[in-house]
Amino acid sequence: MRQGDFKTAEQLATSNAELMLNSKVLASRAPFLLAVLNLYARNATAAEQYVNLDSKKDGSEFYYFMRLVLSAVYYLEGKFDLALRESINLDQAVNYELNRDKNLQTQISKPIVSTFRKFYTILQSRSNNTKKDLNKLQEEISSLLQSKTDQSPNSMLVDWLLKEINSLS
């Protein structure tokens, strides 16, 4: 995935999905990885089949990231209003958790969630400045990636989002 060879990654994951899903090492991370892989392959239906919002045993970040995957599924289906609503609800949940317990993973999750919310807000606005706003968001993400002062932009989800922004710009 990181090398941009999404077809090979999709083939590997598809052929090894059962092994990944039954792995005690990967636990509930396997559905997340399979869901994200399908986002990269732009297969919303396949991505959605791996979304699991019931399990929080691996930490709240996987729950948050599964909800981001769900928002991305809505986006790929052209349901920008649902994608935006999901990201707003998620942003509020992360804010609540930050006020309650400022753990490191939630602090890392916050900018990722906010970036998705910005993206969907831009798309939902349908303004004449959409391309300009997307370029600004793209520059913001790229700047964070170059500074290497924050782990958040290195998320596979942010990488996927940057790929989507590049395709729209």
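Is Lys 79 buried, partly exposed or exposed? At 36% relative accessibility, Lys 79 counts as partly exposed; buried means under 20% relative accessible area, exposed over 50%, and partly exposed in between, with a 1.4 Å probe and protein chains only.

Hi everyone, a word on the ground rules. This is a predicted model, in which local features need pLDDT of at least 70 and side-chain atom pairs count only at pLDDT 80 or more, while totals for chains, interfaces and linings use all residues. Residues are numbered from 1 along each chain as its sequence is written, and side-chain values use heavy atoms, leaving out hydrogens and water.

Now the overall picture. The protein chain has nine helices and zero strands; these are DSSP runs numbered from the N terminus, helices being H or I with at least four residues and strands E with at least two. Of its 169 residues, 46% count as buried. Take the contacts with a separation of 6 or more: 64% of them join residues 24 or more positions apart, where contact means heavy atoms within 4.5 Å.

Let's go inside. The largest nonpolar core has 52 residues. By nonpolar core I mean a set of buried Ala, Val, Leu, Ile, Met, Phe, Trp, Tyr and Cys residues joined through side-chain atoms within 4.5 Å. Helix 5, residues 60–76, gives the largest share of this core, with 13 residues. Leu 39 is among the residues with the most contacts inside the core, and its partners beyond four places in sequence include Val 69, Leu 157 and Trp 160.

Rings of Phe, Tyr and Trp (its six-membered ring) pair if their centres lie within 6.5 Å; planes under 30 degrees apart count as stacked, over 60 as edge-to-face and the rest as tilted. The whole structure holds eight aromatic pairs. In one of them, Phe 119 and Tyr 120 have ring centres 5.5 Å apart and planes at 55°, so the pair is tilted. Both Phe 119 and Tyr 120 are buried.

Next, charges. There are six salt bridges, each a side-chain nitrogen of Lys or Arg within 4 Å of a carboxyl oxygen of Asp or Glu. Our opening residue, Lys 79, meets Glu 77 in one of them, at 3.3 Å from N to O. Glu 77 is partly exposed, with a relative accessible area of 33%.

Which residues does Asp 91 join in a network of salt bridges? The network links Asp 91, Lys 110 and Arg 117. Asp 91 and Lys 110 meet at 2.5 Å, N to O. That pair links distant parts of the chain, with Asp 91 in helix 6 and Lys 110 in helix 7 (residues 104–125), 19 residues apart. Asp 91 and Lys 110 are both buried. The closest N and O atoms of Asp 91 and Arg 117 are 2.8 Å apart, and this pair is 26 residues apart in the chain. Arg 117 is partly exposed, at a relative accessible area of 28%.

Last stop, helix 9, which runs over residues 156–168. Its 13 residues should span 18 Å at 1.5 Å a residue, and the end C-alpha atoms are 19 Å apart, which agrees; the expected span is 1.5 Å times one less than the number of residues. Lys 163 sits in this helix and is partly exposed at 27%. Lys 163 touches Phe 6 and Tyr 40, leaving out residues up to four places away in sequence.
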